[in-house]
Amino acid sequence: MHPAEVLANQLRPGRGWSEYLAGEFRQPYMRTLAEFLAAEEQAGKTLFPPRQHCFNALNSTPLDRVAVVILGQDPYHGPGQAHGLCFSVRTDVPPPPSLVNIFKEIESDLAIPAPDHGCLQPWAEQGVLLLNTVLTVEQGKAGAHQGLGWETFTDKVITTVNGQRDGVVFLLWGSHARKKAGMIDRSRHLVLEGPHPSPLSAYRGFFGCRHFSRANQWLTGQGRMPVDWALPTRAELLARYSRSGT
């Protein structure tokens with residue numbers, strides 16, 4: 001089986017994405033990318049997130065439920081952090097600085113206190129597509145897999161949401177994400193742009209942007225359910241996924 005087919009098998013059926021994305025795994029760029037990833041693993045390099053989690057954003061948020069898109073760059077490159085959702089970390093990993101700042105803005109905007117963990121899986125299950133533009137990275141080497149083909153694939157994800165959904169809120173933070181704004185039909189979707197939540201730029205306008213309340217105002221105005229940005233406690237989350245087998 002070609003590495004691209006192995007990769008394609010990580011995209012869970014029944015989520016609505018395969019109809020629009022299956023053809024990408026037959027494209028030369030994706031076959032080359034998949035061969036590269038397989039060769040890196042065979043060479044003993046550690047890649048994050050683990051292969052079975054690289055499409056976690058798509059597997060967690062079916063296409064017909066996408067209400068909000070948050071666009072990140074590439075996965076965290078430290079051990080145990082990345083699990084396929086942008087800005088999110090596993091429950092036993094301290095929230096990184098950008099995520100801490102996201103929680104600060106939510107508390108300021110909606111008076112929701114920061115949780116005791118950094119796992120954003122409950123957002124994904126409500127329809128928040130937590131998509132990185134690059135879906136893998138080598139341990140300890142931020143940006144190592146940029147420019148290898150993932151951007152083409154995730155651009156296809158964005159254009160699919162743009163074309164197949166109506167009334168989606170796109171949260172584009174930082175220059176990297178904001179470059180994607182031209183792919184989105186603003187007559188049908190809400191695009192909210194701002195600085196990245198990184199400590200280097202959050203004080204330039206991310207703090208005070210009120211994107212979370214503005215997203216919910218848009219959704220309710222469309223007759224849709226707002227996102228509950230409050231996360232369960234770590235203990236509640238572990239119990240929930242223990243019961244569900246997730």
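Colleague: Which residues are linked in a network of salt bridges?

Modeller: Asp166, Asp185 and Arg188 are joined in such a network. A salt bridge here is a side-chain nitrogen of Lys or Arg within 4 Å of a carboxyl oxygen of Asp or Glu. This is a predicted model, where local features need pLDDT of at least 70 and side-chain atom pairs count only at pLDDT 80 or more, while totals for chains, interfaces and linings use all residues. Residues are numbered from 1 along each chain as its sequence is written, and side-chain values use heavy atoms, with hydrogens and water left out.

Colleague: How many salt bridges does a search of the whole structure find?

Modeller: The search finds nine.

Colleague: What makes Arg51 and Glu41 count as a salt bridge?

Modeller: Their closest N and O atoms are 2.4 Å apart, and the cut-off is 4 Å, so the pair qualifies. Arg51 sits in the loop between strand 1 (47-48) and helix 4 (56-60), whereas Glu41 is in helix 3, ten residues apart. Helices (H or I, at least four residues) and strands (E, at least two) are DSSP runs, numbered from the N terminus.

Colleague: Why are Arg51 and Glu41 called partly exposed?

Modeller: Buried means under 20% relative accessible area, exposed over 50%, and partly exposed in between (1.4 Å probe, protein chains only). Arg51 has 31% and Glu41 has 33%, so both are partly exposed.

Colleague: How do you know that Asp109 forms a salt bridge with Arg210?

Modeller: Their closest N and O atoms are 3.1 Å apart. Asp109 lies in helix 5 (residues 97-110) and Arg210 in the loop between strand 6 (190-194) and helix 9 (211-221), so the bridge ties together parts that are 101 residues apart in sequence.

Colleague: Is Asp109 buried or exposed?

Modeller: Asp109 has 11% relative accessibility, so it counts as buried.

Colleague: What do the side chains of Arg178 and Glu193 meet in?

Modeller: They meet in a salt bridge, at 2.9 Å from N to O. Arg178 belongs to helix 8 (residues 174-178) and Glu193 to strand 6, so parts 15 residues apart in sequence are tied together. Arg178 is partly exposed at 38%, and so is Glu193 at 30%.

Colleague: Why are helix 3 and helix 7 called oblique to each other?

Modeller: Helix 3 (residues 28-42) and helix 7 (residues 150-164) pack at about 125 degrees, with their axes 9 Å apart. Angles under 35 degrees count as roughly parallel, over 145 as roughly antiparallel, 65 to 115 as roughly perpendicular and the rest as oblique. The two helices are therefore oblique.

Colleague: Which residues of helix 3 and helix 7 meet?

Modeller: Tyr29, Met30, Leu33 and Leu37 of helix 3 meet Trp150, Thr152 and Phe153 of helix 7, where contact means heavy atoms within 4.5 Å.

Colleague: What makes Thr91 buried?

Modeller: Thr91 has a relative accessible area of 17%, so it falls in the buried class. Thr91 is in the loop between strand 2 (68-72) and helix 5. Leaving aside neighbours within four places in sequence, Thr91 is in contact with His117, Cys119, Arg234, Leu237 and Leu238.

Colleague: What do the buried residues of helix 9 pack against?

Modeller: Those residues are His211, Phe212, Ser213, Ala215, Asn216 and Leu219, and they pack against strand 2, helix 5, strand 5 (169-173) and strand 6. Helix 9 is followed by Gly223, with a positive phi near 75 degrees.

Note on methods
Axes fitted to C-alpha atoms, helices over the stretch in contact; angles between N-to-C directions.
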